[in-house]
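Trainee: I have a model open and would like to learn how to read it. Can we go through it feature by feature?

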Amino acid sequence: MKKVLPWLAGLLTGFLGGLLGGGGGLVAVPLLRVCGLEGKEVHATSLAVTLSLSCLSAWLYLRAGRLDLMSAAPYLPGGLAGALAGALLLRKANPRLLRLLFAGLLLVSGGRLLLG
């Protein structure tokens, strides 16, 4: 089961990421914790997993003509700056605080989805 669990977690993360866009990243963190990773390692591993899944999904959408790279371009500088800031902050962040922030993000996201 120890070898199957990461594979299943990756399958679910990839499926939701491909289907819902950012949905894969939201399930990756809790699934990685279930697989035995802790604290900051969970967040860093989640980013590595979702990066590869996002690249594959983006390529498939691009190939199918559903992605316009020029439309995505204006978001890249801010996204890259935010990713850099978040990765640097992760080094100093308290793991308990990260869990609370992530839980809050899930609650806010879920509330917005439910309320429309």
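Trainee: Which residues in H3 are buried?

Mentor: First, a caution: this is a predicted model. Burial is judged by relative accessible area, with under 20% counting as buried. In H3, the buried residues are Gly39, Val42, His43, Ser46, Thr50 and Ser57.

Trainee: Take His43. Why does His43 count as buried?

Mentor: His43 has a relative accessible area of 18%. The cut-off is under 20%, so His43 counts as buried. As for neighbours, leave out residues up to four places away in sequence; His43 then touches Val29, Leu90 and Leu98.

Trainee: And Ala44, the next residue along? Is Ala44 buried or partly exposed?

Mentor: Ala44 also has its place in helix H3. Its relative accessible area is 41%, so Ala44 is partly exposed. For a sense of distance, look at Ala72, 28 residues from Ala44 along the chain. The C-alpha atoms of Ala44 and Ala72 are separated by 24 Å.

Trainee: How many residues does H3 have, and what is its reach?

Mentor: Compare the end-to-end span with the expected one. H3 covers residues 39–63, which is 25 residues. From first C-alpha to last, H3 reaches 37 Å. That is close to the 36 Å expected at 1.5 Å a residue.

Trainee: What follows H3?

Mentor: Check the backbone angles there. Gly65 follows H3, and the phi of Gly65 is positive, near 80°.

Trainee: Now pockets. What is the general idea?

Mentor: A probe the size of a water molecule is rolled over the atoms, and this shows where empty space is left. Here, the largest pocket has a volume of about 570 Å³.

Trainee: Which residues lie nearest the centre of the largest pocket?

Mentor: His43, Leu47, Leu90, Leu98 and Phe102 do, out of 19 lining residues.

Trainee: Which helices supply the lining of the largest pocket?

Mentor: H2 (23–34), H3, H5 (76–90) and H6 (95–115) each supply at least two residues. The largest share comes from H5, with six residues.

Trainee: How does the lining divide by residue type?

Mentor: Sort the lining into nonpolar, polar and charged. The lining has twelve nonpolar residues, seven polar and no charged.

Trainee: Where does Leu26 sit?

Mentor: Leu26 is in helix H2. Its relative accessibility is 30%, so Leu26 counts as partly exposed. Leu26 touches Phe102, Leu105 and Leu106, again not counting residues up to four places away in sequence. Ser46 is 20 residues from Leu26 along the chain, yet their C-alpha atoms are separated by 9.2 Å.

Trainee: How many salt bridges does the structure hold?

Mentor: The structure holds one salt bridge. Glu38 pairs with Arg33, and their closest N and O atoms are 3.9 Å apart. Arg33 has a relative accessible area of 31%, so Arg33 is partly exposed.

Trainee: Let's zoom out. How many helices and strands are there?

Mentor: Six helices and zero strands. Along the sequence, the pattern reads α-α-α-α-α-α. The C-alpha atoms fill a box of roughly 40 × 35 × 30 Å along the principal axes.

Trainee: What share of the protein is buried?

Mentor: Buried residues make up 17% of the 116 residues. Check the contacts too. Among those with a separation of 6 or more, 51% join residues 24 or more positions apart.

Conventions: Residues numbered from 1 in each chain as written. Predicted model: local features only at pLDDT ≥ 70, side-chain atom pairs only at ≥ 80, totals over all residues. Heavy atoms only, no water. Helix = DSSP H or I, 4+ residues; strand = E, 2+ residues; numbered from the N terminus. Expected span 1.5 Å × (residues − 1). Buried < 20%, exposed > 50% of the residue type's maximum accessible area, 1.4 Å probe, protein only. 1 Å grid on protein atoms, 1.4 Å probe; cavity = no way out; pocket = protein on both sides within 12 Å on 5 of 7 lines; lining within 4 Å. Points joined across faces, edges and corners; volume = space filled by probe spheres on them. Nonpolar A, V, L, I, M, F, W, Y, C, P; charged D, E, K, R; others polar. Salt bridge = Lys/Arg side-chain N within 4 Å of Asp/Glu carboxyl O. Contact = heavy atoms within 4.5 Å.
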